[in-house]
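Hi,

Here is the structure I promised to pass on to you. Have a look at it first, and then read on for what turned up.

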Amino acid sequence: MSQIFDFFFGQYATYSTLHITLEIIAVIFGLLSVFFARSNDIRVYPTGIISTAIYVYLLLKWALLGDMMINAYYFVMSIYGWYVWTRKVDETGVTPISKTNTIEKIVQVIIFMGTLIFVYVVYITFDKWNDWTAYVDTITTAIFFVGMWLMARRKIENWIFWIIGDIISVPLYFYKGFTFTSFQYLLFTVIAIFGYLEWKKILDKKPVTV
């Protein structure tokens, strides 16, 4: 039993109690955020802001620049998404769930490619392009940047990007030594699948926005 425990949590022996506690808190609020997103609940954003703010601090301390940039971007986009979700678009209601149009698909590609280039430049500048995880970080960062932008605009396709990015992140974070965060992404994957199905039900009841 102790060997199993050490396999999953042995890396935390070198971490401070403060950092372990903060990671657990960030995971809890991160899970709450995704749960609220699945339910199309505006509380996705305040809980997400708390989680990402903590992760920005922790990842900066751990010198994981790509991951830190993801969470810094999440933080900013959470504020933007909070505004979009509550902004009244007409006299009947706020921004509805919809599918991406042609222009938004083009923007997705621009965000994805731009993020790849940006993260690569950052890693090269800080001499962090020295491990295979840097390549994976670059790709997942681009995936999550697109996903967060789509969620902020209440586009159903955001869940597809979350599912892909979450699946990649489960083994990635475990390899990096962050077991709690790895488990978080495993749960994120499951919730994201249900989130897509839940949003699809809502969207199917409404006229498609183009």
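Let me start with Thr115, which sits in helix H5, residues 102-125. Please keep in mind that this is a predicted model. Is Thr115 buried or exposed? Its relative accessibility is 5%, and because buried means under 20%, Thr115 counts as buried. Leaving aside residues up to four places away in sequence, Thr115 touches Thr141, Ala142 and Phe145.

Val107 is another residue of helix H5. With a relative accessible area of 26%, Val107 is partly exposed. Along the chain Val107 and Val146 are 39 residues apart, and their C-alpha atoms are separated by 8.8 Å.

Next, the pairing of H6 and H7. Helix H6 covers residues 132-152, and its axis lies 9 Å from that of H7, at an angle of about 150 degrees. Angles over 145 degrees count as roughly antiparallel, so that is how H6 and H7 run relative to each other. The crossing of H6 past H7 is left-handed. On the H6 side, the residues that meet H7 include Trp132, Val136, Asp137, Ile143, Phe144 and Met151. Among their partners on H7 are Trp159, Phe161, Asp166, Leu172 and Lys176. Sorted by class, this contact has 15 nonpolar, 6 polar and 3 charged residues.

H7 also packs against H8. Helix H7 spans residues 158-176, and the axes of H7 and H8 are 8 Å apart at an angle of about 165 degrees. That angle makes H7 roughly antiparallel to H8. Here too the crossing is left-handed, with H7 passing H8. From H7, residues including Ile160, Ile163, Ile167, Val170, Tyr173 and Phe174 take part in the contact. From H8, the residues they meet include Tyr185, Leu186, Phe188, Ala192, Ile193 and Trp199. By class, the contact of H7 with H8 has 15 nonpolar, 7 polar and 1 charged residues.

How does the span of H8 compare with what its residues should give? Helix H8 has 26 residues, 179-204, and at 1.5 Å a residue they should span 38 Å; the C-alpha atoms at its ends are 38 Å apart, which agrees. Several residues of H8 are buried, among them Thr181, Gln184, Phe188, Ile191, Gly195 and Leu203. Of the residues that meet H7, Tyr185, Thr189, Ala192 and Trp199 are also among the buried ones.

Finally, two loop residues for you to look at. Most residues other than glycine have a negative phi. Arg154 is not a glycine, yet its phi is positive, about 60 degrees. You will find Arg154 in the loop between H6 and H7. Its relative accessibility is 7%, so Arg154 counts as buried. Asn40 is a residue other than glycine with a positive phi as well, near 60 degrees. Asn40 lies in the loop between helix H2, residues 17-38, and helix H3, residues 44-61.

Happy to go through any of this with you.

Best wishes

How values were computed. Residues numbered from 1 in each chain as written. Predicted model: local features only at pLDDT ≥ 70, side-chain atom pairs only at ≥ 80, totals over all residues. Heavy atoms only, no water. Helix = DSSP H or I, 4+ residues; strand = E, 2+ residues; numbered from the N terminus. Expected span 1.5 Å × (residues − 1). Buried < 20%, exposed > 50% of the residue type's maximum accessible area, 1.4 Å probe, protein only. Axes fitted to C-alpha atoms, helices over the stretch in contact; angles between N-to-C directions. Parallel < 35°, antiparallel > 145°, perpendicular 65-115°, else oblique. Left-handed = near helix turned anticlockwise from the far one by under 90°. Contact = heavy atoms within 4.5 Å. Nonpolar A, V, L, I, M, F, W, Y, C, P; charged D, E, K, R; others polar.
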